[in-house]
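Good morning, and thank you for making the time. I would like to take you through one structure; please look at the display as I speak.

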Amino acid sequence: MSLTHLNARGEAHMVDVADKAESRREAVASGRIRMHPETLALLADGELPKGDVLATARIAGIQAAKRTHELIPLCHALPLSKVAIEFRLDEPTSSVEVSATCRLNGRTGVEMEALTAVSVACLTLYDMCKAVDKDMEIGEIRLESKTGGKSGDYRRQAMSSPIVTGASRHADPGLALDTAAPCIHIKCLAELRERLGVSDIDLPFDALESADIAGLKAALTAKDARFAGLNEGRVLCAVNQVMGGDQTPLTDGDEVAFFPPVTGG
Amino acid sequence: MIRVQQEAFDVGVEQQALLQGRSDIGAVVSFTGLVRDFNERPEVTALTLEHYAGMTEKALEAIVEDACGRWPLQGVRLIHRVGCLAPGDPIVLVVVASAHRRAAFEACDFIMDYLKTRAPFWKKEHTASGNYWVAERSSDHQDAARWEEAWNN
């Protein structure tokens, strides 16, 4: 694996593609712009002051794809055969998902064109909506798939959450390595992690109302209201990787994991 | 032998390894669990399996130990995969060897029932209509409870 845009001396150079075989290339990129729900509603109803937001952002994305070589220093100018920009309004996350597909028969890939198209479409969405919402946030701009060419096909894995969570920070849970501040190491796993938006957190041992799981839950809830979710639905817990319950006693340095009912096999 | 891994496994190779050099084994039962393309929703396109590293191995060891205490077993292999899987992919393998078939059949059944209700694995299904975490099933708990009753009688 090497960086093709660097020559033998490590200097930037444009790759000579004259001898590469022509093939059909396609790349799909995506991105997202989050906004206030009211902004999304205005956008959906076409009531924003600058007019048709999505149509404008679509044209901006297409133009950007065609001009990628003017923006990204070592990109070639490409005769794109297709540029398509799609928008999906996602109410649950209050965001607009943007995706761009670029295609050509040629000697170099089109992923930079697709990524540029998504980026500029998102920037245009920002520009079109900024009069009513300055908190908008652009993110998750990434390549989804790429076909054709020597390096082979690429497809982003469907997975967005970590494959394996909950790996112990300490080789032996229950053995406190950090003697400075006595605390309890708490983990939220799987669906609970996503629901509460918390993965790992440490809590000083003396914050516990009582030295057991019930006391830990109360201390967590007092610290952050989200942890009230620990008492909603069926939430299991393990202390030092052994199943426990509300009455399980805790000592300094313990590892406590909260998780939903298991669904393996 | 217990393994938690992302890679696929080969049922034949695992069974062979369990039987290698043994002539006292009279029965070997193996169970392979696969990813279905339908579950709570149709058109499952992928499955992500998450686990609690460390606790998973301990829980699986405890289940196998429990099985060894209930039946005269001569060998157990238990492999569970984690990570991203596609429909048709094998997820879990249990191979149980014993002198006689009844013990092997029952122990294999028992290990799967306990694994489904006690080992910290979580499945997230990816479908055309979105991703969701799989919910627990009461039938799995009923299946596991059979062994409590059988043991207490």
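Let me begin with a term: pLDDT is the predictor's confidence in each residue, on a scale from 0 to 100. It applies here since this is a predicted model.

In chain A, residues 165–179 keep a pLDDT under 50, and the model has 27 contacts for them beyond four places in sequence. For chain A, the average pLDDT is 86, with 90% of the residues scoring at least 70. A further stretch of chain A, residues 158–162, has a pLDDT below 50, and the model gives this stretch 9 contacts beyond near neighbours in sequence.

I turn now to chain B, and to strand S4, which spans residues 73–81. Is this strand mostly covered or mostly open? Strand S4 of chain B is mostly covered, with 7 of its 9 residues buried. Strand S1 of chain B, residues 2–5, runs parallel to S4(B), and 4 bridges join the two. Within chain B, B:Val4 stands opposite B:His80 of S4(B). Strand S6 of chain B, residues 90–98, runs antiparallel to S4(B) and is joined to it by 7 bridges. Here B:Val76 stands opposite B:Val96 in S6(B).

Finally, the contact between the chains. Chain B contributes 32 residues and chain A contributes 23 residues. On the chain B side, at least two residues each come from strand S3 (44–51), helix H2 (55–70), strand S5 (83–85), helix H3 (101–118) and strand S7 (121–127). By class, the side of chain B that touches chain A has 15 nonpolar, 10 polar and 7 charged residues.

Thank you; I welcome your questions.

Conventions:
Residues numbered from 1 in each chain as written. Chains lettered and ligands numbered in written order. Predicted model: local features only at pLDDT ≥ 70, side-chain atom pairs only at ≥ 80, totals over all residues. Buried ≥ 20, exposed ≤ 12 C-beta atoms within 10 Å, placed from the backbone. Pairing = 2+ DSSP bridges. Contact = placed C-beta atoms within 7 Å. Nonpolar A, V, L, I, M, F, W, Y, C, P; charged D, E, K, R; others polar.
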